[in-house]
Amino acid sequence: MPESLEELTRRWRLAEQQLYPTILADPSAYQRYVLAVRGLANDLSVVASPEALVASWPTSATRAAEHLRAVGDTGDPAVAELVAGAAFALREREIAAAQAAAERRPPPRRARVLTPRTSSERINEGK
């Protein structure tokens, strides 16, 4: 059964909370993890809705492992799961921020269509 957006969002945020304290124990690993998170989040920039993000989740660990290897890490499955969660949490917040900004934006003004006036309309204006 597919997981709900709410459940996945909770899991993604938990992954972030588990991944980012690495800076204290291993700053070089932390740097690799952040680069992998940002790389995967950049890949996800084409995902425009929370629902599409949920649909992308099943392949996330594999994609995260690829990003980890690209930055010189082993691509360990447990770390890849945390990196994937952090990247998805980041992208989910980006989507939410974009939606909130769109809701605050005023609707576009309608453009007036100007049509050429006939010579009789121009003559009648003077009266």
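## Overall fold

Which pattern does the protein chain follow when read along the sequence? In this predicted model, the pattern is α-α-α-α-α-α-α.

Among contacts in the protein chain with a separation of 6 or more, 71% join residues 24 or more positions apart.

## Surface and interior

The protein chain has 127 residues, and buried residues make up 31% of them. The chain exposes about 8500 Å². Carbon and sulfur atoms supply 57% of that area.

## Histidine 67

Histidine 67 lies in helix H5, which covers residues 60-70. Is this histidine 67 buried or exposed? Its relative accessible area is 17%. Buried means under 20%, so histidine 67 counts as buried.

Leaving aside residues up to four places away in sequence, histidine 67 touches Ala36, Gly39, Leu40 and Asp43.

## Proline 77

Proline 77 belongs to helix H6, made up of residues 77-104. The relative accessibility of proline 77 is 65%. Exposed means over 50%, so proline 77 counts as exposed.

How many residues apart along the chain are proline 77 and threonine 62? They are 15 residues apart, and their C-alpha atoms are separated by 8.2 Å.

## Summary of the two residues

Histidine 67 is a buried residue in helix H5. Proline 77 is an exposed residue in helix H6.

How values were computed
Residues are numbered from 1 along each chain as its sequence is written. This is a predicted model: local features need pLDDT of at least 70, side-chain atom pairs count only at pLDDT 80 or more; totals for chains, interfaces and linings use all residues. Side-chain values use heavy atoms; hydrogens and water are left out. Helices (H or I, at least four residues) and strands (E, at least two) are DSSP runs, numbered from the N terminus. Buried means under 20% relative accessible area, exposed over 50%, partly exposed in between (1.4 Å probe, protein chains only). Contact means heavy atoms within 4.5 Å. Accessible areas come from the Shrake-Rupley method with a 1.4 Å probe; for residues, only the protein chains shown count as cover.
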